[in-house]
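Please consult the sequence and the model shown here while reading.

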Amino acid sequence: MSLHTEAYYRAIVGDHLKQAGMTEPPISVDEVAALLGVPVRMVTFPTWFRGAIVSEDGMPVIIVNSAIPLEIRRNALAHMLSHILLRLSDPHAVYPRETQEPHREADLMAAQFVLPDSMVIAQARKWFNDYRYLARLFGVSESDMMEKMRELGLIKSRGIIWDY
């Protein structure tokens, strides 16, 4: 796998969201997987298990644990889908993969599926940086939304956070 910047991985997710017609939150990772033709199977496993990609007739199938909370399930699905997109974006990649690839890129892409930078910025402008409303809008915790907004520079790390 060749080296790319974080912007490259964000663009991969952005392109797939655009192709799926998702311009408003919340993002349905299930729909993106369906549009790519990747089957997603919900199965019940112990709560420590989140998800996996298995090969069925030479094609990837995502397995997600239905016994875990919805937010964790969506993050797991986004992570697994990101691994598949990494394979698809690399012209030299083969499936099933022969070596373990790093999770950093898949984590970055999964975060973009759940909280895409451009959508968070647009919605924050529309809703006056109301992180509580935005958290409900995107289907994430308030602390995750606050962290994302800090990361994007929408909210300063220090200072007053108005509680209204």
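## Overall fold

The model is predicted. Its chain contains seven helices and three strands, arranged along the sequence as α-α-β-β-β-α-α-α-α-α.

Buried residues make up 38% of the 164 residues in the chain. Among contacts with a separation of 6 or more, 53% join residues 24 or more positions apart.

## Helix α4

Helix α4 spans residues 104–114 and is mostly covered, with eight of its eleven residues buried. These are Glu-105, Ala-106, Leu-108, Met-109, Ala-110, Gln-112, Phe-113 and Val-114.

The packing partners of the buried residues of α4 are α1 (6–19), α2 (29–36), α3 (70–89), α5 (117–126), α6 (131–138) and α7 (142–151).

In soluble globular proteins, nonpolar side chains tend to be buried together. Here the largest nonpolar core has 39 residues, of which Leu-17, Ile-62, Leu-81, Phe-113, Phe-138, Met-145 and Met-149 touch the most other members. Two or more residues of this core come from each of α1, α2, β3 (59–65), α3, α4, α5, α6 and α7. Helix α3 gives the largest share, seven residues.

Leaving aside residues up to four places away in sequence, Phe-138 touches Pro-25, Pro-26, Arg-74, Val-114, Leu-115, Pro-116, Met-119, Val-120, Gln-123 and Met-145. One of these, Met-145, is also listed among the core residues that touch the most other members.

Key
Residues are numbered from 1 along each chain as its sequence is written. This is a predicted model: local features need pLDDT of at least 70, side-chain atom pairs count only at pLDDT 80 or more; totals for chains, interfaces and linings use all residues. Side-chain values use heavy atoms; hydrogens and water are left out. Helices (H or I, at least four residues) and strands (E, at least two) are DSSP runs, numbered from the N terminus. Buried means under 20% relative accessible area, exposed over 50%, partly exposed in between (1.4 Å probe, protein chains only). Contact means heavy atoms within 4.5 Å. A nonpolar core is a set of buried Ala, Val, Leu, Ile, Met, Phe, Trp, Tyr and Cys residues joined through side-chain atoms within 4.5 Å.
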